[in-house]
Amino acid sequence: MKNRPLSISLFFSAILLYALLTLPSTGFAQGSDEASAVKAKRHKVKVLAEYPHSTKSYTQGLFFYDGHLWETTGQYGESCLIKWNLETGKWLRKWRFKKRFFVEGSCVLNGWFYILTWMEHTCFVFNLESPQAKLKEIGRASYPTEGWGLTTDGNQLIMSDGSSFLMFMDKNSFYCNSKVQVTLDGKPLEYLNELEWINGKIWANVYLTDDIVIIDPQTGTVTDVIDCKGILPERLKTKTTDVLNGIAMDPSDGSIYITGKYWPKLYRISY
């Protein structure tokens, strides 16, 4: 984190609002004949391994950093950032948010943690200079939409808000550089939830479904759909078990993990 500008601590919601409202519908090939002609390939999920997951976690964001699995959890009064031991399912560190915040998607870019909130129009920005260092809030960004999923391509942030659009955000100013509409078999796809950048594509949970979609970030076209129906056995479900949500890739070996809200299991998968 050398010579990093601290302008992120002075965001203005008006800047992003202007960007979102005045930006062309997309900077890419949205709605093109090429995008609409593509029919997504369908796959069935394959479980390679399973791990324990906390049934107290209303999973919103999931990612790997510093060799560990990290998770942001939602619900007012329950929202946290948690560092996990993948093998045991025990938390190593936990940071709680104030009761007025409902935490959503999250990611890390250049050592900075970006954490969205649902209806509070706030993205928290934290710095963790070393594994044992105190998590330090260094700024907050504002945005006019709801906050759902968040990931990064290593250069900019990519955000969903429940609509069919993905926004590509500047990591310092949170300015919306561009946006793209996601389409499945030529039709707009809404309820894009938790996001993960994997091998040049954007993986996304589709809220209230058992599907994960793989999106071409240039066109917004869904190239593949992974059906995860039945991945959590009925015998493990309780009255609090909620929907599939949470995708993380371990950069050390490319393994992909998924889970759900209040699920007792986390799965390493392929398709």
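**Entry 1: ground rules**

I work with a predicted model, in which local features need pLDDT of at least 70, side-chain atom pairs count only at pLDDT 80 or more, and totals for chains, interfaces and linings use all residues. Residues are numbered from 1 along each chain as its sequence is written, and side-chain values use heavy atoms, with hydrogens and water left out.

**Entry 2: confidence**

I looked up pLDDT, the predictor's confidence in each residue, from 0 to 100. The chain averages 88, and 85% of the residues score at least 70. Over residues 1-32 the pLDDT stays under 50. For residues 1-32 the model has 70 contacts beyond four places in sequence, where contact means heavy atoms within 4.5 Å. Where pLDDT is low, the predicted coordinates should not be read in detail.

**Entry 3: the whole chain**

I find two helices and 23 strands in the chain. Both are DSSP runs numbered from the N terminus: helices are H or I with at least four residues, strands are E with at least two. Of the 271 residues, 56% count as buried. Buried means under 20% relative accessible area, exposed over 50%, and partly exposed in between, with a 1.4 Å probe and protein chains only. The accessible surface of the chain comes to about 12400 Å², and 51% of that belongs to carbon and sulfur atoms. Areas come from the Shrake-Rupley method with a 1.4 Å probe; for residues, only the protein chains shown count as cover. Among contacts between residues at least 6 apart in sequence, 54% join residues at least 24 apart.

Four strands form an open antiparallel sheet in the order 3-4-5-6. Strand 3 (59-65) and strand 6 (91-96) stand at the edges with a single partner strand each, so one side of each has no neighbour in the sheet. Neighbouring strands here are turned by 15° against each other on average, direction ignored. The axes are lines fitted to C-alpha atoms, for helices over the stretch in contact, and angles run from 0 to 180 degrees between N-to-C directions. Two strands count as paired if DSSP finds at least two bridges between them. Strand 5 (residues 80-84) pairs with strand 6 over five bridges in the antiparallel sense, and L81 stands opposite W95 of strand 6.

I82 is placed in strand 5. I82 counts as buried at 3% relative accessibility. Beyond four places in sequence, I82 is in contact with residues including L69, W70, W91 and R93. T72 is 10 residues from I82 in sequence, with the C-alpha atoms 6.3 Å apart.

**Entry 5**

Is strand 7 (residues 103-109) enclosed or open? Seven of its seven residues are buried, so the rest of the structure largely encloses strand 7. Strand 7 pairs with strand 8 (residues 112-117) in the antiparallel sense over five bridges, and S106 has I115 in strand 8 as its bridge partner. The two strands form a hairpin with two residues between them, and N110 in the turn has a positive phi of about 55°.

Three bridges join strand 11 to strand 12, and L150 stands opposite M159 in strand 12.

S160 lies in strand 12 (residues 157-160). S160 has 0% relative accessibility and counts as buried. Which backbone atoms does the side chain of S160 reach? The side chain of S160 reaches the backbone nitrogen of G149 at 2.8 Å and the backbone oxygen of L192 at 3.1 Å. Among the other residues in contact with S160 are W148, F165 and L195.

F174, not a glycine, has a positive phi of about 60°. F174 sits in the loop between strand 13 (165-169) and strand 14, and is buried at 2% relative accessible area. D185, also not a glycine, has a positive phi of about 50°. The loop that holds D185 runs between strand 15 (183-184) and strand 16 (187-188). D185 is partly exposed, with a relative accessible area of 27%.

Methods:
A polar contact is a pair of N or O atoms within 3.5 Å; within protein, one must be able to donate a hydrogen and the other to accept it, and residues adjacent in sequence count only if both atoms are side-chain atoms.
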